[in-house]
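Subject: Structure handover

Hello,

Here is the structure for you to look at.

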Amino acid sequence: MMEKFLQQSVDTEEKFYRYEEQRLKIEDKRREAEHARELQMLQMLGQMLAGISSTVSQRSQSMPASPPQRANHRSYGDNFNYNAMTAALSPPIVIERSFSLHRTHSLKDMENIFQLVRNVIPPLTGKRHKGQDGRIGIVGGCQEYTGAPYFAAITALKVGADLSHVFCTKDAATVIKSYSPELIVHPVLDSPNAVHEVEKWLPRLHSVVIGPGLGRDEVLLENAKGIIEKSKVKGIPIIIDADGLWLISQQPSLIQGYQRAILTPNYMEFSRLYEAMLRDPVDSSDHHGCVLRLSQAMGNLTVVQKGERDLISDGEKVLVCSHEGSSRRCGGQGDLLSGSLGVLAHWAFLAGAEKTNGQNPFLVAAFGACSLTRQANHQAFQKFGRSMTASDMVSEVGTAFNKLFET
Ligand SMILES: NC(=O)C1=CN([C@@H]2O[C@H](COP(=O)(O)OP(=O)(O)OC[C@H]3O[C@@H](n4cnc5c(N)ncnc54)[C@H](O)[C@@H]3O)[C@@H](O)[C@H]2O)[C@@H](O)CC1
Ligand SMILES: Nc1ncnc2c1ncn2[C@@H]1O[C@H](COP(=O)(O)OP(=O)(O)OP(=O)(O)O)[C@@H](O)[C@H]1O
């Protein structure tokens, strides 16, 4: 009897989600019509953007041969019309963006690219229902690290996702739940059928963030690997951070060529990946070239090299985000970045290249997430100075978002 009831509940839930997906598609079409005029405006802005500050850089002499994945170039959106021939012949473009709200000369540039970010943000309307604005999964959280998945997951909610799931180990789950009643926490990551347990949820997730607080236990890394493989099969945007990047530096082929992936390495993670892929140490006199080459070697997926300036590349362009943050470098800031990127990547992917005026939607999403993280850092630092922690930044996410994107 109980089993029958449970089965019925599962069936009903499945129906609900199928219905919801249909609703989402209809809603998207409506939004597209609504935004047709905005698009026109954006096209004009895009032309200005191209004219203002694009500089063409030379292809690096030491650039490795293009990996075979370049044949699949630009597969981040089904409707994306990309001329692979043109891409193969054109030199990479480096777009410099040095953004500080206190430097008036850069305000115009900033406005242009921020407008592209704004354009992918779904409008808040009374017609949408729970789940439509994003269901994000965070894969990470173990005995040692419970803060990292929490920061990523709560940030996803504060940016505007409707539901935020954490897939973590059993002993991390109660701790993470106790931080926040808003999160949906699955204590499955160290279970014998972990991949299957997470796979069941994948049809309901719009993006997954793999790595915050994952740790380096071999069983957990193996499970993360299985989850990445299943997510790829479903075409879900994947953000890989922290220990997820450790896994990738051991087995790059796991994600190589999957252009719906975004890697967010910090200094150490970038060096590890770069050496694994390029068999050379990072050239500290050519940061742009390094991020460009790493993205190319990975098959043109998006790489966000975090640091004093965030360098974002898809192997063709390099965006630079040096939006003002602060000198405070407490742990957890990268988790805010990956959580916010989970949401923005979904929004940008859904909106497609049309809404981003032909720019790679994942570049636009990454730029938005970097700016947002740095703005939250800046605001929190204004209040707390040296005592600022990642939790203080989480509290600033809403106002930072409004300041940058809701104006
Ligand atoms: N509260 C939490 O639960 C937190 C957990 N975290 C997790 O901790 C795990 C390990 O992350 P780590 O970043 O420590 O791992 P890494 O092994 O990548 O870092 C190793 C060391 O490199 C150092 N390093 C970082 N940037 C550097 C730079 N620019 N120059 C020189 N050295 C540098 C770090 O201080 C660290 O000691 C991840 O799972 C991560 O998600 C972090 O996200 C921080 C917060
Ligand atoms: N020197 C710096 N100056 C200004 N901002 C920085 C600097 N270094 C990093 N950031 C910003 O901090 C954010 C997180 O980067 P960081 O290098 O701290 O990540 P991380 O080490 O992966 O974080 P975590 O502690 O969550 O693992 C990024 O948005 C980046 O822009």
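This is a predicted model: local features need pLDDT of at least 70, side-chain atom pairs count only at pLDDT 80 or more; totals for chains, interfaces and linings use all residues.

Residues are numbered from 1 along each chain as its sequence is written, chains are lettered from A and ligands numbered from 1 in the order in which they are written, and side-chain values use heavy atoms, with hydrogens and water left out.

**Ligand 1**

Ligand 1 has 18 residues around it. A residue counts as near when one of its heavy atoms lies within 4 Å. Ala-148, Gly-213, Arg-216, Asp-243 and Asp-335 come nearest.

Now the polar contacts, meaning pairs of N or O atoms within 3.5 Å. The side chain of Asp-243 puts an N or O atom 2.3 Å from an oxygen atom of ligand 1. For the side chain of Arg-216, the distance to a ligand oxygen is 2.9 Å. Gly-147 uses a backbone N or O atom, 3.1 Å from an oxygen of ligand 1. The protein buries 56% of the 860 Å² that ligand 1 exposes when taken alone. Such areas come from the Shrake-Rupley method with a 1.4 Å probe.

Three helices, α5 (147-159), α9 (242-250) and α10 (267-278), each supply at least two residues of this shell. α10 gives the most, with four. Helices here are DSSP runs of H or I, at least four residues, numbered from the N terminus.

By class, the shell around ligand 1 has seven nonpolar, six polar and five charged residues. Ala, Val, Leu, Ile, Met, Phe, Trp, Tyr, Cys and Pro count as nonpolar; Asp, Glu, Lys and Arg count as charged; the others, Gly among them, are polar.

**Ligand 2**

Ligand 2 has 14 residues around it, and Asn-266, Lys-306, Asp-310, Gly-332 and Arg-374 come nearest. The shell has no nonpolar residues, eight polar and six charged.

A side-chain N or O atom of Arg-329 is 3.3 Å from a nitrogen of ligand 2. A polar backbone atom of Gly-307 is 3.4 Å from a ligand nitrogen. Asp-335 brings a backbone N or O atom to 3.1 Å from an oxygen of ligand 2. On its own, ligand 2 has 630 Å² of accessible area, and the protein covers 80% of that.

α12 and α13 (361-384) each supply at least two shell residues. The largest share, three residues, comes from α12.

**α12 against α14**

α12 (residues 333-355) also packs on α14 (residues 390-405). Gln-333, Leu-336 and Trp-347 in α12 meet Ala-390, Met-393, Val-394, Val-397 and Phe-401 in α14. Contact here means heavy atoms within 4.5 Å. The residues of this contact divide into seven nonpolar, one polar and no charged.

Best wishes

Key. Axes are lines fitted to C-alpha atoms, for helices over the stretch in contact, and angles run from 0 to 180 degrees between N-to-C directions. A polar contact is a pair of N or O atoms within 3.5 Å; within protein, one must be able to donate a hydrogen and the other to accept it, and residues adjacent in sequence count only if both atoms are side-chain atoms.
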